[in-house]
Amino acid sequence: MSRRQRGGALLAALIALIVALSAAIYFAVALDDGTRARTGDGGRVRGSAVPTSTGLWVGTWSASPVAAEPGTQASGLAGRSVRNVVHTSVGGTSARVTLSNLFGRAPLTLTHASVALAADGAGAAAEPGTMRRLTFGGRTTVVVPPGGQAVSDPAALTVPYDGDVLVTTYSPTPSGPVTHHPRARQISYAAAGDRVEDLTGTAFTEQVDAWRYLTALDVLTDQADGTVVALGDSLTDGFSSSVGENRRWTDVLARRLREAAEDGRDVPRYGVANQGISGNRVLADGLVGKVTSPVGESLPGVGTDGFAVDNPSGLNRFERDVLGRANVRVVIVDLGVNDILRDPRLADPDRILAGLRAMVGRAHGHGVKVVGATLMPFGGHPGYTDAREEVRQRINAEIRDGRVFDAVADFDEALRDPYDPRRLAAEYDCGDHLHPSDRGYARMADTLDLTTLSAPPP
């Protein structure tokens, strides 16, 4: 080989090396979810943290962080394994989770985490052969700072739709307040010691109606075109629905979307992310919080001590809980009843409407369509007054006239008593004259016109 030929071969080899390195750097950046967490010195794990196919990341399940769990202020859940049980809306070939320390006041160190499919009807037990160890930046240990969150690496796992998934974490050290979502209508578990990869579930003797740390489960899938987010209060959270039966209106919506797609109907294919918080309001944080400016000038969910406030308002959490979800395409907003019921004075309908319109503006700025729900009746509830009913009617009139949202889901008309429109129909009332029964939640989902979820926003 001549000197010129050897030089050409060397140059070609150098170019190939540069291209390979560039591709590797691009791939690594593409998998970076922008988490603020620091990875620790846990050993690197191979095999589980690898996507198995191409597709789109969508939200198959989610829950909004609500507050610090009572009784955990000092040591958190040090020395305990937390096993969350969640229900999927779409399936996929890989999974990743989001863990939150939003209400923590100290770093949360997790040395071990896993994801697995739940064994049928077996509580905390995992389906054999489905346990996957989770990593964060390639390491098993992650340190989540106060107010922060961590997104795991993708784990190769075939996740079915309409199934239960177990996400388990272990923290060996005190971490302070535990970020949780109470009133989950789903039993999750805890066990002493590191039982993260325990298959039998027999060690998980503590039961709790709450999700701890976990705020999202995403899947890599070709079964969905994006995520639809439901932003709401207890009516979206599923208060009073049957525990462990997945009968929130968002669960029924997920089944409707899947069945319609299987029937060949021209409807969007979406994962469904439930961002309901019991007691949530459009304008105010907490149960008796300070009213937020509809145009977003106040602190975004931060208290005077610099830490996150409990039960942040719809306005304050909109970016995180809606725009922060994976490939969100549409948001369904069902908020406003608590603004009326919990205001010690008479609520101002114009301020509530301004808050709802501000959410629409933020969504449109990100290309997200907004479907808005009318406010359902609460006649017979202890908080009912004729003056509050008038506020509800004024807000609903604006919504129905198309002056607030891109499209309307008329939950009020669907569930009210036709002979006394101030009340829920008896067949849809759980008994407290505010929250629906399982049948009422199903009726809410059936009210939604699935075709309105596919059109782009104005």
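Predicted model: local features only at pLDDT ≥ 70, side-chain atom pairs only at ≥ 80, totals over all residues.
Analyst: Two strands are said to pair if DSSP finds at least two bridges between them.

User: Which residue of β20 does Ala230 stand opposite?

Analyst: Ala230 stands opposite Ile332 in β20, and the two strands, β18 and β20, run parallel and are joined by 6 bridges.

User: How many bridges join β18 to β19?

Analyst: There are 7 bridges between β18 and β19, which also run parallel, and among the residues involved is Thr227, whose bridge partner in β19 is Gly271.

User: How do I read whether the faces of β18 are covered or open?

Analyst: The general idea is that a residue counts as buried when its relative accessible area is under 20%. In β18, Gly226, Val228, Ala230 and Gly232 are buried on one side, while Thr227, Val229 and Leu231 are buried on the other, so that both faces are covered.

User: What covers the buried residues of helix α4?

Analyst: The cover includes strands β18, β19 and β20 together with helix α6. Helix α4, which spans residues 314-323, has 8 of its 10 residues buried, including Leu315, Phe318 and Val322.

User: Why does Thr215 count as buried?

Analyst: The relative accessibility of Thr215 is 6%, and therefore Thr215 counts as buried, since the cut-off is under 20%. This residue lies in strand β17, which covers residues 214-221, and, leaving aside residues up to four places away in sequence, Thr215 touches Trp61, Ser62, Ala63, Pro65, Thr98 and Ser100.

Methods:
Residues numbered from 1 in each chain as written. Heavy atoms only, no water. Helix = DSSP H or I, 4+ residues; strand = E, 2+ residues; numbered from the N terminus. Buried < 20%, exposed > 50% of the residue type's maximum accessible area, 1.4 Å probe, protein only. Contact = heavy atoms within 4.5 Å.
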